[in-house]
Amino acid sequence: MSKHTARFTLDPAFTVGEVNPRLFGSFVEHLGRCVYTGVYEPDHPAADADGLRTDVLDLVRELGVTAIRYPGGNFVSGYKWEDSVGPVEDRPRRLDLAWHSTETNRFGLSEYIAFLKKVGPQAEPMMAVNLGTRGVAEALELQEYANHPSGTALSDLRAAHGDKDPFGIRLWCLGNEMDGPWQTGHKTAEEYGRLAAETARAMRQQDPRVELVACGSSSQAMPTFAEWEATVLKETYDLVDYISVHAYYEPVDGDVDSFLASAVDMESFIENVVATADHVGALLKSKKKINLSFDEWNVWYLTKWVEFSETRDLSDWPEAPRLLEDNYSVTDAVVFGSLLIALLRHADRVTVACLAQLVNVIAPIMTEPGGPAWRQTTFFPFAQASRYGRGQVLDVRVESPTYETKKYGETDLLHATAVRADDGTVTVFAVNRSRTEPLPLEVALNGLELTTVTEHTALADADPDARNTLTDPERVTPHPVEGTALADGTLTAVLEPLSWNVIRLA
């Protein structure tokens, strides 16, 4: 048995928990070209009668997203929901302070719901309310307009606007990143906690069935991290169902080895928030568990955005400018896959997650105005995880060769999880973090009646910087891997250097 081999054991008696379909959510914000020339482009040759791009809709369905968070993000902290309803020609143009753009409101609440319906029944609304520049009254008005069947001023107004049926929004975010000084209406934890509690209490008076997300920290690196969660949850514990978690990762100063270990930070972030939430529950002597809504996560080249935002012309307020259009490499996709593994490994407590964002803005899907839509490298890990990562997450404890990272110290080369579907089939998701060496893998299968490897695909490339672009949209795709075998209750495989792997067993 080589010390260079990574190994773990799978046993159906040892599970983490059931995957909530909402783990495969996404996020559409009024930012850059996510909405306009992204999902919505009435003049496009592929647009339907509602102005939605059918080529994008096809890719969104293929991606397999579920809950779609809207309309922000930082955008929501200046959002007036009334601007986004009623006849399009009567909707006002507004300055969006969050992204220094002009918002036309051509795409609004009704268009968002119509978009979800066209994506399919798995696409659930997840609506954020503005607790930056607004408060309890406006949240209640939006809730009544969206959800009340009929017979009140606002529900009848919705019907007059052409939406007779209520929108049925169950999942609501109580503001966005209110801990961040960049947020319009930024608050202290005490201020936000009180406002979130008041809003939650009122929304539950209107409908006790709503599910509510309180704002957690914008990242684990925030100076107020953990103290923020504790303070907010002391105010809201019995009124909310989730605390939010946001995290983005990029290589810093060319440190690719640490970047490849980003999920080490993501897993510690999740575990620290769970510990904080459970501590507050213990203080309050509550039997209730607060779950996590990891409703913003991705690889994001944030440093590039900061540099750009410091030099942009602040006298200009463009409509749907090209912002945050990161083009993802194979390396980025492998890290992205590892982040998905981290979410699955904590499926017992992370029961909502939203990939930020869906189209054009740090997104798995890119479009050209009037032109084509295509899949970025990150599209494939998400689509595969959403398709095959449904069922019970098995408890995977790896024994792996390690490598040294500047940021996280000694780190496993293997990052892995496995999901057992209702039909008994198992899918292993695995990342090899080594940039140069293949990684032999052995998996002992205990009490699992599996006899065959039905598929092993890898996303990897001789060029770790390979990407899909407008001119070469299919440069990178997953490829089949030969030689993976299952015999005498042991799975053996070799994971290519710097690779995201999906191994399906039946």
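**Notes on holes, barrel and pockets**

I started with the second largest cavity, and its lining is made up of Arg69, Cys173, Gly175, Asn176, Glu177, Val213, Ala214, Cys215, Ser244, His246 and Asp295. I keep in mind throughout that this is a predicted model. Sorted by class, I get four nonpolar, four polar and three charged residues around the second largest cavity. The space inside comes to about 30 Å³.

How many cavities of 30 Å³ or more are there? I count two. The largest cavity holds about 60 Å³. I listed its lining as Tyr79, Lys80, Trp81, Val129, Asn130, Arg134, Gly135, Glu138, Ala139 and Leu142. Which helix gives the most to this lining? Helix H3 (residues 136-147) does, with three residues. By class, the lining of the largest cavity splits into five nonpolar, two polar and three charged residues.

**The barrel**

Next I traced the sheet. Eight strands close into a barrel, and I read their order as E3-E4-E7-E8-E9-E10-E11-E12, with parallel pairing. On average, neighbouring strands of this sheet are turned by 30° against each other, direction ignored.

Strand E4 (residues 68-70) and strand E7 (residues 125-129) run parallel and are joined by three bridges. Which residue of E7 is the bridge partner of arginine 69? I found methionine 126 there.

On to the open spaces. The largest pocket has a volume of about 940 Å³. Its lining counts 43 residues, and I marked Ser218, Ser219, Tyr248, Trp300 and Leu302 as the closest to its centre. Which elements each supply at least two residues of this lining? My list reads E10, helix H7 (256-260), H8 and helix H9 (302-311). The lining of the largest pocket has 23 nonpolar, eleven polar and nine charged residues.

The second largest pocket comes to about 290 Å³. Of the 18 residues that line it, Tyr36, Thr37, Thr104, Glu319 and Ala320 are the closest to its centre. Strand E6 (residues 101-103) gives the most to this lining, with three residues. By class I get six nonpolar, six polar and six charged residues for the second largest pocket.

**The whole chain**

Last, I stepped back. I counted eleven helices and 25 strands in the chain. The radius of gyration is 23 Å, close to the 23 Å that the globule rule gives for 506 residues, so the chain is as compact as a globular protein of that length. Along the principal axes, the C-alpha atoms fill a box of roughly 70 × 60 × 45 Å.

Methods: Residues are numbered from 1 along each chain as its sequence is written. This is a predicted model: local features need pLDDT of at least 70, side-chain atom pairs count only at pLDDT 80 or more; totals for chains, interfaces and linings use all residues. Side-chain values use heavy atoms; hydrogens and water are left out. Two strands pair if DSSP finds at least two bridges between them. Helices (H or I, at least four residues) and strands (E, at least two) are DSSP runs, numbered from the N terminus. Axes are lines fitted to C-alpha atoms, for helices over the stretch in contact, and angles run from 0 to 180 degrees between N-to-C directions. On a 1 Å grid over the protein atoms alone, a cavity is a set of points where a 1.4 Å probe fits but cannot get out, and a pocket is an open set with protein on both sides within 12 Å along at least five of seven lines; lining residues have an atom within 4 Å of a point. Grid points are joined across faces, edges and corners, and a volume is the space filled by probe spheres set on the points. Ala, Val, Leu, Ile, Met, Phe, Trp, Tyr, Cys and Pro count as nonpolar, Asp, Glu, Lys and Arg as charged, and the others, Gly among them, as polar. The radius of gyration is taken over C-alpha atoms; the globule rule is 2.2 Å times the number of residues to the power 0.38.
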